[in-house]
Amino acid sequence: MSAPGYTNLNTSVNYSLNATQNGGSAPPYQNGPAQSYPSTYPASGYGAPPQHYPSSTGHCVPASSKTPIMNNDYANYYSQHQPLLPPAAGAVTAPSSYGVPQGSLPPSQPYNTANPPASGAPLYPAAYQHPYTMPSAYYGQQYPVSQAQSQQPNLMAVSSGTNNGAPLYPIVSYPSAPGSSQYGTLRSSQAPMGPGPVSGPNVIVPPGQATGQSMSMGNGPIPPSSATPAHQGYGTATLCQQSATVNGQTNALQTQTMPHYDQNLHGHMTYSYGGVPPTTQGPDGDRPLSGTPATSVHSSPGHQPGLPYRYVTNSGVSSAPVAATTPAGQSSSSSEDEDDEDEDEEAGADSSSSTTGSASPVPNSYESLEGGSYTDPASIPPPGDLSRQAPFGYSYPAMQPNYIQTAPRSNPAPSATGYHAPGYQDMSQPFPSMSQLSAALGGLSAPELTVDSLRPVNLLQERNILPPTPTAPPEPNLSTDLKNVNCSPDTFRCTLTNIPQTQALLNKARLPLGLLLHPFRDLSLPVITSNTIVRCRSCRTYINPFVSFLDQRRWKCNLCYRVNDVPDEFMYNPVTRSYGEPHKRPEILNSTVEFIASSDYMLRPPQPAAYLFVLDVSHNAVEGGYLNVFCQSLLENLDKLPGDTRSRVGFLTFDSTIHFYNLQEGLSQPQMLVVSDIDDVFIPTADSLLVNLKESKELVKDLLNALPSMFTHTQETHSALGPALQAAYKLMSPTGGRVSVFQTQLPTLGAGTLQSREDPNQRSSTKGVKHLGPATDFYKKLALDCSGQQIAVDLFLLSSQYSDLASLACVSKYSAGSIFYYPTFHHVHNPAQRDKFQKDLQRYLTRKIGFEAVMRIRCTKGLSIHTFHGNFFVRSTDLLSLANVNPDSGFAVQMSIEESLADTSLACFQAALLYTSSKGKRRIRVHTLCLPVVSQLSDVFAGADVQAITCLLANMAIDRSISSSLTDARDALLNAVVDSLAAYRANGSNLQPAGLIAPASLQLFPLYVLALLKQKALRTGTSTRLDDRVFNMCDFKSQPLWHVMRMVHPDLYRIDSLSEQRALRLNDTVVPQPPRLQLTAEKLTRDGAFLMDCGNVLYLWVGKCCSEMFIQDVLGCPNYASIPPNMTQIPELENPDSEQLRTFLSWLQETRSFCPALYVVKDEASAKSGFFQHLVEDRTESAFSYYEFLLHIQQQMTK
Amino acid sequence: MAFTFAAFCYMLALLLTAALIFFAIWHIIAFDELKTDYKNPIDQCNTLNPLVLPEYLIHMFFCVMFLCAAEWLTLGLNMPLLAYHVWRYMSRPVMSGPGLYDPTTIMNADILAFCQKEGWCKLAFYLLSFFYYLYGMIYVLVSS
């Protein structure tokens, strides 16, 4: 390896040196303050509860005294939420509270039932377990205790039913006491006393019923009035059967995971129950499985999580809008009115309505969407028992250490029966620290995953390295439950799905660590309306699925580890309409949620949607003819512009002067106001230039109809873009909003004038490229001013000559705008480009938009953000200021590890995007990603996400080429591959010394880097126009990952013989799935037709000897010779071949927001160079072929 | 003992270096504020940029003074910093105003760390040279 070049290059890329640079002078700043909290906080937290504890534990009796209090609390809860209720309501609520308890009780009861011997004195056990069973269900990991319970689940459900039936024990209802701390919950346990006698019968009850009941309870049919307990029992039971099936499915999940933990569980079980008389555990017939019981412990809670799951998956993953809306009537509906309604329902609702409401939607959605996923019911003999198992069950092992140690000592209440006590105490114990939990979780499934992704691949011998199917992002090595709630890789991706523990380890791996974000992409997600948005008090992290609940009242932040209180409002779950289940709130079940923010999140009243169009009308622009296309598009989409009744719109045209348009309502026609003083731009009239779209729609339409013809005979060739932008800034600064600039040439007048810097003779120079940076900081400063006023500038450049995009792009880059470039636009001569422009405009005008946005990215203590990539202004170390945010922009973030993560095994990242919707609502979209932390180099390699790495490297290389030179950037890219492969080899993970070995996870790395080096942005030696190059760079920096990957490495398919083999069946249509081909001319045959998908462009290459059948059927031409040279669409012909191809094309298109342009390329056409430049594995005059590149890498490695 | 031009140069340099020390401290504080999110980078750059040239000019000024006083050793000690200043200003980002710091790139962790390190190094250099000038002044006063 070349020692000197090696280090230097790395530094250029940044990532290898981060540690040293930051480490020296800069203290870790990010998480610093948070550290102090944990130590102090927990102490106080724990201190208080103990007092309650003894009292509650003491016996059932005291509970009764407390119960009234509980009731009050409960009543208060309702009264708070429902001010409307008459005082009498208080009385009413009391019964309702009873209903609630049922929900909570069940967990406790199961315990009783489970232990047949206990039947004699069932009261105690129930009481004790109850408190923690609830949490355990959710955080299975934390509560090791409950194993004994697990077997009982069925029984417990029954008992609950009986409880309901027996009004005798009103006290029972208390368990609901959500407000109470863990200890508070103990009171609820007292309730079981009632059931105690019942326990006997419970055992008898068939498991099926039991589960059903438990289910209903789990769902938290909160308010079911206590008045009709018997009925409730029935109602729940029926519901249960539905749910029971669900449980079964969830159980299956658990069972799969179980094996890993068996050992732990056993150990744990023995330990915790060691003191307990054997009778407690053994007696149940249900128990047969020693290993399983642990999981079953949580059974009652377990199925509850199951419900939420469905919800999660529906809303988040599958993104079916239905799912999101149905289960979360309240949550999804943003309006407060609905909230009120819901509350009313709760208060007044009879039991039946409430239960159905909560339970029914869930199972349905679950079955429809997720039904197939869990098919393992047979795995465990007694299905009834298993059904109860909590999905989180396997997490227990982590708990054990704490459990064991603490349990014995902590037992403050010896009074409790022998075996109950230990379990109970465990509950009361502070839960194991996040780190411990995560430690246990982290490496769980590692072995299997690593094996495959670490499989050494000899790149030189692997001829067909590209898998025929699209590569899926690697799955983080997490437990299934965490995996299921984790953020979608489309939204949030990390280059290393196993986060290295230390910067040293990261440096050893020679891979960049970073995130790729697509935060505002179009998706349906749960929307939460809540008065209090629960956040960590020290680091302001939003509550998310990866926090840990220490008990009912406290949660521990997963980023800074501070312990926070759970606010009362959070105890109520709007989805199931139950109280006391903070762990089932949508925030906890979804890693992507959206909050409706209160006025706390506003610096000013939410701005209206405001759009200003700045149009170039110089001779050059008119000649190109874009104005007509633009006006037509806008006219068509005027009603679809996102916004509400406050939406405002304005127009401004410029050549050597600036023209404003007065569109004041009441005018008979638009008035044009010309400002010719471009050195000192002023706004001619104050408020009639940016007008309410609704009020002035007719005038706007008139203007759009008139605009194209107004300038047809202009002779003005100058362009005063700078002054026009200044005018736009002045016009928009009171409101903020979006400025869309259409420019067709180099600005030649006024501020911001640019000169041509490109030397056409240097286009194919191999010595590096100059002028990649801006020529002036005018546009950058303007962009910063705009950003400060919440204005984003989107640039449409439609120029066939050099326009110095490097300078112009700054105006969009730093104001969070987007850049569009149509290099050879002409409305007549280039119809493909025109169509593309039209379709892009259509999308651009109608796509979702967020105004005055900021995005903050938080990460686990120890990690820090190094650099951001994308279009925005960085306002502080972790805060991006985005004047506008659009669904098509992606961001990349480089991370560094400032402190060792050795004390945790999960690293979390949270991106929170606060924005004003086009309807004037302030919203917060939160994405949370959770990844395991590893300490082994091989694990780091196993978790490498080669696509994300490629994207991040591309961003880094582009920064490098602008700040340093293109040659540097290219060397850095090459070194990135060489270093990482050398690091892998040095790791000794392969035994074959010969050849070029890469782990399977990185086998595409050299290919992708070679492809990167052949991109317009980074290539040398091939003639590339400077603007094309710069635009390509902008694209890399601002596009989401999937788009970048398609640009870098397009997909190539053979399409003249599409078959239904391996086809994808969606609804009624069959989408053929031809295998992906490698990007080499070797794969092209003269008798075939091939489709290349480059993201923005589709090429359909037709070989010379392509069968005439295909040409006739699909292209509609009689033979090859008659295919027109600039064909840009596929005719709609009525035959299977054509239909198949068109389904395939539309399937390719439906996932992307901008419609790609299609070019039909004939073999001999001159246009084929556009096609062939994407065959990155082939040799060109100035660049390696893939094989040569591999040899080059090998050579570099041995140096 | 006589009050020579060299002694005057040292006295002047002593005073100016004290000023430069304040400049360096100011820079360090400013970058630390950026790092801890207290300040908006635009504001911070606007306050820092006007200070850059004065600092460089002050340093250059007493270098010239030492040149005139023929204090070669002192001048030699200062040359590296002088050269660094020239290089630094030549390679600054495209800016219309004076100064070095670009609000759009200053938050880049590498650049921020570099600036902070630069601040500390300069502070150390100025402190050392402060005492050196003190010594030099006394030495010149005593020896002549």
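How many bridges join strand S32 of chain A to strand S33 of chain A, and in which sense do the two strands run? In this predicted model, strand S32 (residues 1089-1093) and strand S33 (residues 1097-1102) of chain A are joined by 5 bridges and run antiparallel. Within this pair, A:Leu1091 has A:Leu1100 in S33(A) as its bridge partner. Helix H44 (residues 1136-1150) of chain A packs on the sheet to which these strands belong, where the helix touches strand S28 (1051-1054), S32 and S33 of chain A. The direction of helix H44 makes about 10° with that of S32(A).

The sheet itself is open and has 5 strands, in the order S31-S28-S32-S33-S34 of chain A. Its pairing is mixed. At the edges stand strand S31 (1076-1077) and strand S34 (1157-1162) of chain A, each of which pairs on one side only.

Another open sheet in chain A is formed by 4 strands in the order S2-S4-S24-S21, with antiparallel pairing. Strand S2 (492-494) and strand S21 (863-869) of chain A each have a single partner strand, so each of these edge strands has one side without a neighbour in the sheet. From one strand to the next, the twist averages 25°. A:Cys494 has A:Leu515 in S4(A) as its bridge partner.

A hairpin is formed by S22(A) and S23(A), with 2 residues between the two strands. Strand S23 (residues 879-885) of chain A is joined to S22(A) by 3 bridges, and the two strands run antiparallel. One of the residues paired in this way is A:Ser876, whose bridge partner in S23(A) is A:Leu879.

The contact between the chains was examined next. Interface size is often expressed as the accessible area that is lost when the parts come together. Chain A and chain B bury about 1900 Å² between them, and 54% of this area lies on carbon and sulfur atoms. The contact takes 25 residues from chain A and 22 residues from chain B. Between the two chains there is 1 salt bridge. This salt bridge is formed by A:Lys780 and B:Asp102, with the closest N and O atoms 2.4 Å apart. The count of residue pairs in polar contact between chain A and chain B, both residues being at pLDDT 80 or more, is 6. On the side of chain A that touches chain B, at least two residues each are supplied by helix H2 (18-25), helix H33 (778-788), S21 and strand S22 (873-876). The residues of this side divide into 9 nonpolar, 10 polar and 6 charged.

Note on methods: Residues are numbered from 1 along each chain as its sequence is written. Chains are lettered from A and ligands numbered from 1 in the order in which they are written. This is a predicted model: local features need pLDDT of at least 70, side-chain atom pairs count only at pLDDT 80 or more; totals for chains, interfaces and linings use all residues. Side-chain values use heavy atoms; hydrogens and water are left out. Two strands pair if DSSP finds at least two bridges between them. Axes are lines fitted to C-alpha atoms, for helices over the stretch in contact, and angles run from 0 to 180 degrees between N-to-C directions. Contact means heavy atoms within 4.5 Å. Buried area is the accessible area (1.4 Å probe) that two parts lose on being put together, summed over both. A salt bridge is a side-chain nitrogen of Lys or Arg within 4 Å of a carboxyl oxygen of Asp or Glu. A polar contact is a pair of N or O atoms within 3.5 Å; within protein, one must be able to donate a hydrogen and the other to accept it, and residues adjacent in sequence count only if both atoms are side-chain atoms. Ala, Val, Leu, Ile, Met, Phe, Trp, Tyr, Cys and Pro count as nonpolar, Asp, Glu, Lys and Arg as charged, and the others, Gly among them, as polar.
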